[in-house]
Amino acid sequence: MQKCSYLLGIPMNHIFPVKNYHEEMDTDSDTDALILKALDQIVNIACDALRKTALYLEFDTAWRTMAWGKKNELEQKLRNFKLRYPNVQFVRILIVGEVGAGKSSFINSVNNAFQKRITSGALVDGIGGTSFTKVYKTHYIAGEDGFPLPFALSDIMGLEANQSGAHEKDIVKALHGFLDEGYKFNPAFPVSPNDPGYRSNPGLHDQTFCLVNVVAADKISLMNNHVIEKLKKIREAATDLNIPQVVIMTRPDLACLLVKENLQKIYTSKKIKEK
């Protein structure tokens with residue numbers, strides 16, 4: 001054991017000699033005891049490492065406050081939201097992101113929270129690697145009276161590398177309000193004034209007032225550089241238009257085991273904050 005410890009650099013108290021079974025017909029209690037004692041030590045060592053890792057993954061206190069248990073209050077606040085501008089019926093929010101990041105799923109999830117059931121107004125594809133959304137579509141949230149709430153979520157074709165996915169110039173046009181409902185995206189050629197689906201004289205209600213970038217937490221480090229460049233160009237255009245921008249980070253449960261086991265640890269997770 002001493003020579004093994006010297007050669008491998010492993011301390012003596014972490015070396016456990018055992019006798020494996022080879023040609024025996026029956027088990028032996030002494031052999032079993034030696035094997036089980038070694039396994040017991042290994043399990044304890046592994047659990048200690050797991051505990052230390054878990055402590056490393058989590059802050060002692062939340063780094064952002066969250067109103068857990070107040071879902072009804074948050075919902076009612078949004079249901080009571082009113083616009084003060086008579087010429088604008090809806091505040092338009094544009095949702096952009098890489099293919100597979102969860103743009104359409106986020107829109108559906110918002111609707112689910114209000115309708116208290118699973119909905120599928122925005123079609124999603126859980127298999128393919130290309131965008132399932134092909135047209136510019138606005139989604140409305142029905143209120144308790146059946147009329148839509150005064151905010152609208154606009155979905156677009158997902159971003160992909162090179163000449164695939166939505167063209168960033170089309171998304172910039174959407175920020176201005178130039179895309180008509182149902183405009184079909186063409187990855188190779190951005191919209192022009194002579195194309196069907198081009199709105200030549202957008203009103204205030206057609207313009208975007210918040211740009212939402214959807215990013216998958218478990219895929220941030222894997223994002224394609226071409227997609228990142230497209231997002232930067234869109235952000236620059238939004239900044240020039242004084243449009244505020246936010247990020248929705250999806251799939252945190254796939255990026256952090258703590259969050260997968262307990263969603264309320266999302267703001268104590270070090271990994272989520274690092275993302």
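The model is predicted, so local features need pLDDT of at least 70 and side-chain atom pairs count only at pLDDT 80 or more, while totals for chains, interfaces and linings use all residues. Residues are numbered from 1 along each chain as its sequence is written, and side-chain values use heavy atoms, with hydrogens and water left out.

The largest pocket holds about 1,800 Å³ of space. On a 1 Å grid over the protein atoms alone, a pocket is an open set of points where a 1.4 Å probe fits, with protein on both sides within 12 Å along at least five of seven lines. Grid points are joined across faces, edges and corners, and the volume is the space filled by probe spheres set on the points. The lining, meaning residues with an atom within 4 Å of a point, comprises 37 residues, of which Met66, Phe106, Val110, Ile248 and Tyr267 are the closest to the pocket centre. At least two lining residues come from each of helix 3 (71–79), strand 1 (91–97), helix 4 (103–115), strand 3 (148–155), strand 4 (208–216), strand 5 (245–250) and helix 9 (270–274). Helices (H or I, at least four residues) and strands (E, at least two) are DSSP runs, numbered from the N terminus. By class, 28 lining residues are nonpolar, 3 are polar and 6 are charged; here Ala, Val, Leu, Ile, Met, Phe, Trp, Tyr, Cys and Pro count as nonpolar, Asp, Glu, Lys and Arg as charged, and the others, Gly among them, as polar.

In soluble globular proteins, nonpolar side chains tend to be buried together. A nonpolar core is a set of buried Ala, Val, Leu, Ile, Met, Phe, Trp, Tyr and Cys residues joined through side-chain atoms within 4.5 Å, and buried means under 20% relative accessible area, exposed over 50% and partly exposed in between (1.4 Å probe, protein chains only). The largest such core has 25 residues, and Leu94, Tyr136, Ile171, Leu175, Phe185 and Leu211 have the most contacts inside it. Strand 1, helix 5 (168–176), strand 4 and helix 6 (225–240) each supply at least two of its residues; the largest share, 5 residues, belongs to helix 6. A second, separate core of 13 residues includes Ile95, Ala101, Leu149 and Cys210.

Beyond its neighbours within four places in sequence, Leu211 is in contact (heavy atoms within 4.5 Å) with residues including Leu94, Val96, Leu175, Ile234 and Val246. Phe185 is found in the loop between helix 5 and strand 4 and is buried, at 6% relative accessibility. The C-alpha atoms of Phe185 and Ala166 are 6.3 Å apart, although 19 residues separate them along the chain.

The whole structure contains 6 aromatic pairs. Rings of Phe, Tyr and Trp (its six-membered ring) pair if their centres lie within 6.5 Å; planes under 30 degrees apart count as stacked, over 60 as edge-to-face and the rest as tilted. The ring centres of Phe114 and Phe151 are 6.3 Å apart and their planes lie at 50 degrees, so this pair is tilted. It links helix 4, which holds Phe114, with strand 3, which holds Phe151, across 37 residues. Both residues are buried, and together with Phe81 they form one aromatic cluster. The pair of Phe178 and Tyr198 is stacked, at 5.3 Å centre to centre and 5 degrees between the planes. Both lie in the loop between helix 5 and strand 4, so the pair ties together parts 20 residues apart in sequence. Phe178 is buried at 18% relative accessibility, as is Tyr198 at 17%.

Lys71 is found in helix 3 and is partly exposed, with a relative accessible area of 40%. Lys71 touches Ala113 and Lys116, not counting residues up to four places away in sequence. Lys116 lies in the loop between helix 4 and strand 2 (137–142), is exposed at 55% relative accessibility, and has a positive phi of about 60 degrees although it is not a glycine.
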